[in-house]
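This briefing sets out the fold, the helix packing and selected residues of the chain shown below. The points are grouped by topic for reference.

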Amino acid sequence: MMDILYTGPIPAERESPMAQSEASSSRSRPAAQRPNACCFCWCCCCSCSCLTVRNEDENRARRKSQETKLETIPNCEACTKPTVDEMRLWAQCFDRLMKNPAGRNVFREFLRTEYSEENMLFWLACEDLKKEMCKSAIEEKARLIYEDYISILSPKEVSLDSRVREVINRKMQEPTHHTFEDAQLQIYTLMHRDSYPRFLNSCIYRNLVQMGSRSSSES
């Protein structure tokens, strides 16, 4: 019997799986890939835009958290311009600073830079409560003070120990002028011991005294 010779195309040798993978990946890659400058710029712009929007949202949330329900506390107390001697007396005694409306304004501005303005706001709210005579108004203001500065849910909660909080919770059943007396004293002491020394060394106070001294010497 004659052998039949195969004259068709000779099949190529079977490639290994690794060679097939390399060939496939080389086909999928473009011949000359250059960085896409437009895409890079767009990503940067997008990131910056998202960051800007996020910062604006955070700033709005921070400003909203600092708002108080008590409309009796102005952003700045009405006062006369302090003299250089008055400003220097603020450094001698914390009581002198707190009894002076201009001193409270300057100290409050400093507390704002340290994100602890709520201490002054709480103290001012307690002072305002002491002046109230109407029983219903006392109860309403006491409730607002509690919600603004005592409640653990408030972003402006002041730092009080558990004993003082228990006293307040008992007194809130029948609020009076003295409901927050212990808490006010504790916050006053905190500002005196913690914030007051830093205030005296701050640029806010030093620059104020220097400008006052310069103005008095020129006049």
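Leaving aside its neighbours within four places in sequence, which residues is Ser116 in contact with? In this predicted model, Ser116 is in contact with Leu111 and Ser195 once those neighbours are set aside. Ser116 lies in the loop between helix 5 and helix 6, and it counts as buried because its relative accessibility is 11%, below the 20% limit.

**Overall architecture**

- The chain contains 10 helices and zero strands, and its pattern along the sequence reads α-α-α-α-α-α-α-α-α-α.
- Of the 219 residues in the chain, 30% are buried.
- The accessible surface of the chain is about 15700 Å², and carbon and sulfur atoms account for 55% of this surface.
- When contacts between residues at least 6 apart in sequence are considered, 64% of them join residues at least 24 apart.

**Nonpolar core**

- The largest nonpolar core has 38 residues, of which Phe107, Phe122 and Phe180 touch the most other members.
- At least two residues of this core come from each of helix 3 (84-90), helix 4 (94-99), helix 5, helix 6, helix 7, helix 8 (162-171), helix 9 (181-200) and helix 10 (203-218).
- Helix 6 makes the greatest contribution to this core, with eight residues.
- Not counting residues up to four places away in sequence, Phe107 touches Phe94, Leu97, Met98, Met120, Met191, Ser195, Tyr196 and Phe199.
- In soluble globular proteins, nonpolar side chains tend to be buried together.

**Packing of helix 6 and helix 7**

- The axes of helix 6 (residues 117-131) and helix 7 (residues 135-150) come within 10 Å and cross at roughly 170°.
- Helix 6 is therefore roughly antiparallel to helix 7, as the crossing angle is over 145 degrees.
- Helix 6 contributes Glu118, Leu121, Phe122, Ala125, Cys126, Asp128 and Leu129 to the contact, while helix 7 contributes Ile138, Lys141, Ala142, Ile145, Tyr149 and Ile150.
- By class, 10 nonpolar, no polar and three charged residues form the contact of helix 6 with helix 7.

**Packing of helix 5 and helix 9**

- The axes of helix 5 and helix 9 also come within 10 Å, and they cross at roughly 90°.
- Because this angle falls in the range 65 to 115 degrees, helix 5 and helix 9 are roughly perpendicular to each other.
- From helix 5, the contact draws on Val106, Phe107, Phe110 and Leu111; from helix 9, it draws on Met191, Ser195, Tyr196, Arg198 and Phe199.
- The residues of the contact of helix 5 with helix 9 comprise seven nonpolar, one polar and one charged.

**Selected residues**

- Pro175 is found in the loop between helix 8 and helix 9, and it is buried, with a relative accessible area of 15%.
- Apart from its neighbours within four places in sequence, Pro175 is in contact with Ile138, Glu139 and Ala142.
- Pro175 and Glu140 are 35 residues apart in sequence, and their C-alpha atoms are 9.0 Å apart in space.
- Glu109 and Asn75 are 34 residues apart in sequence and 9.8 Å apart in space, C-alpha to C-alpha.

Notes: Residues are numbered from 1 along each chain as its sequence is written. This is a predicted model: local features need pLDDT of at least 70, side-chain atom pairs count only at pLDDT 80 or more; totals for chains, interfaces and linings use all residues. Side-chain values use heavy atoms; hydrogens and water are left out. Helices (H or I, at least four residues) and strands (E, at least two) are DSSP runs, numbered from the N terminus. Buried means under 20% relative accessible area, exposed over 50%, partly exposed in between (1.4 Å probe, protein chains only). Contact means heavy atoms within 4.5 Å. Accessible areas come from the Shrake-Rupley method with a 1.4 Å probe; for residues, only the protein chains shown count as cover. Axes are lines fitted to C-alpha atoms, for helices over the stretch in contact, and angles run from 0 to 180 degrees between N-to-C directions. Angles under 35 degrees count as roughly parallel, over 145 as roughly antiparallel, 65 to 115 as roughly perpendicular and the rest as oblique. Ala, Val, Leu, Ile, Met, Phe, Trp, Tyr, Cys and Pro count as nonpolar, Asp, Glu, Lys and Arg as charged, and the others, Gly among them, as polar. A nonpolar core is a set of buried Ala, Val, Leu, Ile, Met, Phe, Trp, Tyr and Cys residues joined through side-chain atoms within 4.5 Å.
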